[in-house]
Amino acid sequence: MRYPVVGQDINVVELFHEPLVVVLPADHPLASESRISAQQLHGVDFVTTDPDYSGELSAVVKAWFEKEHSQPNIVQVATNILVTMNLVGMGLGATLIPGYMNNFNTGQVVFRPIDGEAPTLALLMAWKKGELKPALQDFIELAQRQREPANL
């Protein structure tokens with residue numbers, strides 16, 4: 001899952017942080033770029049996700065643009081990232097979403113890495129506090145070991 005986590009009876013461990021990428025209509029002028037900076041997105045039509053439905057995505061994107069002193073032209077707000085990507089594919093503008101969404105790419109959009117420090121979203125593992133079944137305990141321990149840096 002992703003942040004925010006609501007509820008005091010939930011344990012959470014961060015598994016990794018996934019960088020966001022720029023998604024553009026395939027025929028967008030910036031689509032030929034290999035990497036895209038925040039400054040290149042200044043004033044560009046932009047599709048964003050509704051903060052009420054996007055977890056931390058909307059806040060992370062907004063904070064990144066503010067940090068980079070760039071302001072896209074928000075033309076549409078969508079309730080989820082699949083709708084966001086489809087609106088981009090229809091030519092409404094660019095967006096920033098996690099790169100795993102490229103698995104759902106129908107060819108109407110292109111994914112480009114961010115030039116510079118990309119904002120990230122944490123991927124979490126969560127479970128209810130309390131007594132754990134042995135299989136779940138083993139799985140949690142395995143996940144925690146996998147996220148630790150390799151011993152060299």
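This short talk goes through the salt bridges, ring pairs and surface features of one predicted model.

Before the details, a word on conventions: residues are numbered from 1 along each chain as its sequence is written, and side-chain values use heavy atoms, with hydrogens and water left out. Since we are looking at a predicted model, local features need pLDDT of at least 70 and side-chain atom pairs count only at pLDDT 80 or more, while totals for chains, interfaces and linings use all residues.

Let me start with the annotation. An unreviewed UniProt entry places the feature "domain: LysR substrate-binding" at residues 4-146; UniProt positions are given in the numbering used here, feature names are shortened, and annotations may be inferred rather than shown by experiment. Across residues 4-146 the span is 23% helix and 31% strand, and its end C-alpha atoms lie 23 Å apart. Helices (H or I, at least four residues) and strands (E, at least two) are DSSP runs, numbered from the N terminus.

Now to the charged pairs. The structure holds 3 salt bridges, a salt bridge being a side-chain nitrogen of Lys or Arg within 4 Å of a carboxyl oxygen of Asp or Glu. One of them joins Glu18 to Arg2, with the closest N and O atoms 3.1 Å apart. This pair links distant parts of the chain, for Glu18 sits in strand β1 (residues 10-25) and Arg2 in the segment before β1, 16 residues apart.

Another bridge connects Arg35 with Asp115, where the closest N and O atoms are 3.9 Å apart. Here, too, distant parts of the chain are linked: Arg35 is in the loop between β1 and β2 (45-49), Asp115 is in the loop between β5 (109-112) and β6 (120-128), and the two are 80 residues apart. Arg35 is partly exposed at 40% relative accessibility, and Asp115 is partly exposed at 45%. The bridge between Lys67 and Glu68 has its closest N and O atoms 3.5 Å apart; Lys67 counts as partly exposed at 48%, as does Glu68 at 21%.

Turning to the aromatic rings, what do we find? A pair of aromatic rings is described by the distance of the centres and the angle of the planes. The structure holds 2 aromatic pairs, where rings of Phe, Tyr and Trp (its six-membered ring) pair if their centres lie within 6.5 Å, and planes under 30 degrees apart count as stacked, over 60 as edge-to-face and the rest as tilted. The ring centres of Phe46 and Phe65 are 5.3 Å apart with planes at 90 degrees, so this pair is edge-to-face. Because Phe46 lies in strand β2 and Phe65 in helix α1, the pair ties together parts that are 19 residues apart in sequence. Both Phe46 and Phe65 are buried, and ring pairs link Phe46, Trp64 and Phe65 into a cluster.

Finally, a loop residue: Pro51 is found in the loop between β2 and α1 (57-67), and Pro51 is exposed, with a relative accessible area of 53%. Pro51 and Val77 are 26 residues apart in sequence, and their C-alpha atoms are 9.2 Å apart in space.

Methods
Buried < 20%, exposed > 50% of the residue type's maximum accessible area, 1.4 Å probe, protein only.
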